[in-house]
Number of protein chains: 2
Amino acid sequence: MNCKICKTKGIKKNAIVNLPSYNLSLCKEHFIEWFERRVQNTIKDFQMFTKEDRILVAVSGGKDSLGLWFVLNKLGYNADGIHIDLGINDYSKKSREYVEEFAKKIERKLYIVDLSTEIASISILKEKIPNKPPCSICGIIKRYYMNKISKKEGYNTLATGHNLDDEISVLFGNILNWNLDYLSKQYPILKEYENIFVRKVKPYCRITEKESALYTFLMGIKYIEQECPLSTGATSLKYKKILGDIEEQFPGTKLRFFNNFLRKFYPLLANKITEENLQRCKICNEPSSLEICAVCNIKMKLAKL
Amino acid sequence: MNCKICKTKGIKKNAIVNLPSYNLSLCKEHFIEWFERRVQNTIKDFQMFTKEDRILVAVSGGKDSLGLWFVLNKLGYNADGIHIDLGINDYSKKSREYVEEFAKKIERKLYIVDLSTEIASISILKEKIPNKPPCSICGIIKRYYMNKISKKEGYNTLATGHNLDDEISVLFGNILNWNLDYLSKQYPILKEYENIFVRKVKPYCRITEKESALYTFLMGIKYIEQECPLSTGATSLKYKKILGDIEEQFPGTKLRFFNNFLRKFYPLLANKITEENLQRCKICNEPSSLEICAVCNIKMKLAKL
């Protein structure tokens, strides 16, 4: 296969990637160009942020978050990083090393939250709170610290590397159960709310896992390839597999599913979104829907054990 | 496994079926009882019809429609049958034989529409109109004649044997594309509309394919087991397979997906339903959204060939 863009210029050049949902084959140079334009357009289409905003990127050490951190800076945005060290044995050690090394390389500020000293590692939490799935505990804690540190350090926008495959697998699960509350929050930008929540954005929401991995690889960024060892058997991974199979049979389905959700279905939910009964946690003063927030609750549970 | 109902009465009896989504194992007697109650409850919950209504059941000759025809009469409803002979070689011949034999057995009136004399067989239409999928042509024609004959013969309700698997595979496809127009019509009862449309109901909408097959088999009803030879490769069959795989991993998903669609999502669509720009076809006087209805259009196309 030849690059389609080169072909329009009368040049015959081998493509390195085929993107069936766009009916597009591209060489290295034009894939990079295409990818960066796609991220840029997503940021603009959803009015995620401008060059004046102070952005914090949630960096796990995987292909998506490191690639995102890189591309945002390359596109001229003002983006620092935050990494939550989950304390999951070797997996977390390696992840942190990749992130720290990369922060030095691109010379951007990096904030580290070490869960082992803040609360307890996810490995320990999994053991001590066996009735709650570790992915659920991990999600609660990550969201808490990312929001807290963003505010504390003066960032107004938190960017995460959720890609199209992540988004549609969650979407799919929420639709199987018609969980309208969750669906109403599944938008690529959630606006800041008073001094409580920073803005949350997902600039990779229209980038597939495969496209993201290729970009990060082509940029020569080293990242942790291993999936989190505690996520094996997670439902979202099963949904990813199912949606991947459908995409193979009907290229373009993933993107259409996501785009049409935003365009046709989301507006129906818009007037259903009720301001949550937001208050401040009595212990830590962070936002909470109950008197005591979920993280302080976990801390209290641990203390009682 | 023992029957759970027998067990409550202190009797140990082998179950013939396991229904994981209900966490229920049942013997023959209690399965039949459960099945008939489930159909009865569906009819009541959606206020589909009463014993005063004149019902016409669309009977293809398969397990669902023959079983439905049988159970409606067994439950005391006033239900005759209509069969569309599609003219698909041996498949249609056999289907018609099963239906005619069954009508005699239960001593109910049966209307036959023979497409070969009315328009042309689906096999011929498939050949002559190759740019339209045969399932789509077949659907248009069946809906047309069923509605027309129902009105002509004085029936106010048309019942079809669509089961839960049918419903959710269509639902799934419409959601992947967020086809709100189609979704807004996917309800187990569509009310009659003036003298244009008869009421349409799906009393099997909460019955799985497996449950339906078992009931028809246990009632000793002979039915055509072969799938329509023109439906191979149909997208809806692929979606059925996908949803079947999910159900196996997470029993109860199918039913939850369907019930919650009706309960949570459908109401959001309700105010989006616009009265279609309904008029009468200039040629046949049947309802149509255009000057000439889809069936007369097909007839005209054929005449020109």
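B:Glu194 is exposed, with 7 other C-beta atoms within 10 Å. The model is predicted. B:Glu194 lies in the loop between β7 (189-190) and β8 (199-201) of chain B. Its phi is positive, about 45 degrees, although B:Glu194 is not a glycine.

A:Gln47 is exposed, with 10 other C-beta atoms within 10 Å.

## Chain A as a whole

Chain A holds 13 helices and 10 strands. Its radius of gyration is 20 Å, close to the 19 Å that the globule rule gives for 305 residues, so chain A is as compact as a globular protein of that length. The C-alpha trace spans about 70 × 45 × 40 Å along its principal axes.

Of the 305 residues, 35% count as buried. Contacts between residues 24 or more positions apart make up 68% of the chain A contacts with a separation of 6 or more.

## The sheet of chain A

An open sheet of 6 strands runs through chain A in the order β5-β4-β3-β6-β8-β7. The pairing is mixed. The edge strands are β5 (110-114) and β7 (189-190), and each pairs on one side only. Within the sheet, β6 (residues 157-159) and β8 (residues 199-201) run parallel and are joined by 3 bridges. A:Ala159 stands opposite A:Val201 in β8(A).

Helix α4 (residues 89-106) of chain A lies across β4 (79-85) and β5, at about 165 degrees to β4(A). Helix α7 (residues 134-152) of chain A lies across β3 (55-58), β4, β5 and β6, at about 140 degrees to β4(A).

## Strand β3 of chain B

In chain B, strand β3 covers residues 55-58. Side chains in a regular strand alternate between the two faces of the sheet. Here B:Ile55 and B:Val57 point one way, and B:Leu56 and B:Ala58 point the other way. All four are buried.

β3(B) pairs with strand β4 (residues 79-85) of chain B in the parallel sense, over 4 bridges. B:Val57 has B:Gly81 in β4(B) as its bridge partner. From β3(B) the chain crosses through helix α3 (residues 63-74) to β4(B), and this β-α-β crossover is right-handed. β3(B) also runs parallel to strand β6 (residues 157-159) of chain B, joined to it by 3 bridges. The bridge partner of B:Leu56 in β6(B) is B:Leu158.

## Helix α8 of chain A

A:Trp178 follows α8(A) and has a positive phi, near 45 degrees.

The helix is mostly covered, with 10 of its 13 residues buried. Among the buried residues are A:Leu164, A:Ile168, A:Leu171, A:Phe172 and A:Ile175. A:Asp165, A:Asp166 and A:Glu167 are buried too. What covers the buried residues? The cover includes α10 (209-218), α11 (235-249) and α12 (253-270) of chain A. It also includes α8 (164-176) and α12 (253-270) of chain B.

Note on methods:
Residues numbered from 1 in each chain as written. Chains lettered and ligands numbered in written order. Predicted model: local features only at pLDDT ≥ 70, side-chain atom pairs only at ≥ 80, totals over all residues. Buried ≥ 20, exposed ≤ 12 C-beta atoms within 10 Å, placed from the backbone. Helix = DSSP H or I, 4+ residues; strand = E, 2+ residues; numbered from the N terminus. Contact = placed C-beta atoms within 7 Å. Pairing = 2+ DSSP bridges. Right-handed = clockwise from strand over helix to strand, strands pointing away. Axes fitted to C-alpha atoms, helices over the stretch in contact; angles between N-to-C directions. Rg over C-alpha atoms; globule rule 2.2 N^0.38 Å.
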